[in-house]
Each structure stands twice: as C-alpha cells, then as structure tokens.
Amino acid sequence: MSKLKKILLIVNLALIVVLFNFSVYKKEQTLHNGTLVLMPLAPVDPRSLMQGDYMRLNYNYGEVNSGELAKRGYCVVKLNDSNVATVVRFQPSMKPLATNERLVKYFVGSAGVRIGAESYFFEEGTADKYAEAKYGALRVDDKGNSVLHGLYDENKRLIK
C-alpha cells in the first residue's frame, strides 16, 4: 500500500469517527435540552412483547392517510399542560408554526408514518411493566429532531 493510500485511509477513518461522535453529541444535546413531548401510543401489537426484549411502538396520529403525505416532512403537534401531544397537521416544511405548536420530523415508509422512534428495548423479564405504557416520551429540539426518552404510564410517570 502506498503512503498516499495509507494517509487517505487514516483521514477517512478519522472523518468517520468525527462525524459519528458529532451525531452522538447532537442526540445528547436533544436529550438534555429538548422539549418533552408525550406522544399517545396506539394499541401496541402484543406479539412484539412476546417476541423478545423490545416493544414496537405505534403512535396515534389520528386520521391520516400516509399515501397523501410528502415522503418527508413535519408532524405539527400541540402540547397540553402535561406535555401530551395532539397531532394538528402534517406539513412539508417548518413553516407555518404557531407559538403553541412543536415540530416532529417524520418520514413515510412501507409501514406508514414513522418518526424514527418506533422500538423500545428493555431488560429481559420486565415486559409486564411496559405493557401498560400509554405515551412514548420524546425529547424534541427546535428543528423537529427527536430522541425517544422512555415510556410513560397513564399518570404521565416515567416507567422504570
């Protein structure tokens, strides 16, 4: 291997490490500084609970035909005093946005509308306590990026 190839390889590896760490840093910032948004869960597929140590999350977006939405865009939600979200509309860009509304990025996949936080993994043997989850708790930044924070019960308490 020539010296130039070795240098290019090292530079590429360093670039990948920097980009990966920057991505982790951005997610950590969203977890620490993002707004708590409790997305109501639609009925959960009980087969997922039995399959293993994770739960597939289905969010309640209300009446939406994913075939009529843009491939990527923003789900606009309104929060009540308990940070429970109600989906107001879907739109392709960040505007318009009222002062009491928040953005959550979405994409349309083969299974419909997705926000990127559709699976929750938990410790083996603890599935029963998560079966009563009513809300998926997201931390959302000002640009609509979200990170799944945990699951909340009907009393809006974090399930631990």
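Trainee: Asn83 lies in the loop between β3 (72-79) and β4. Why is Asn83 called partly exposed?

Mentor: This is a predicted model; local features need pLDDT of at least 70, side-chain atom pairs count only at pLDDT 80 or more, and totals for chains, interfaces and linings use all residues. Residues are numbered from 1 along each chain as its sequence is written, and side-chain values use heavy atoms, leaving out hydrogens and water. Asn83 has 24% relative accessibility, so it counts as partly exposed (buried is under 20%, exposed over 50%, partly exposed in between; 1.4 Å probe, protein chains only).

Trainee: What is the phi of Asn83?

Mentor: About 70°, a positive value, although Asn83 is not a glycine.

Trainee: Where is Lys156, and what makes it count as partly exposed?

Mentor: Lys156 sits in the segment after β9 (146-152). Its relative accessibility is 32%, so Lys156 counts as partly exposed. Phi of Lys156 is also positive, near 60°, in a residue other than glycine.

Trainee: Why is Ile16 called exposed?

Mentor: Because Ile16 has 54% relative accessibility. Ile16 lies in helix α1 (residues 3-33) (helices are DSSP runs of H or I, at least four residues; strands are E, at least two; numbering starts at the N terminus).

Trainee: Which residues form the nonpolar surface patch?

Mentor: Met1, Leu9, Leu13 and Ile16, with about 450 Å² of accessible area together. Patch residues have over 30% relative accessible area and no salt bridge; nonpolar side chains are joined within 5 Å, like charges within 9 Å.

Trainee: What kind of peptide bond joins Lys95 and Pro96?

Mentor: A cis bond, with omega about 0°. Pro96 lies in the loop between β4 (85-91) and β5 (101-109).

Terms used. Accessible areas come from the Shrake-Rupley method with a 1.4 Å probe; for residues, only the protein chains shown count as cover. A salt bridge is a side-chain nitrogen of Lys or Arg within 4 Å of a carboxyl oxygen of Asp or Glu.
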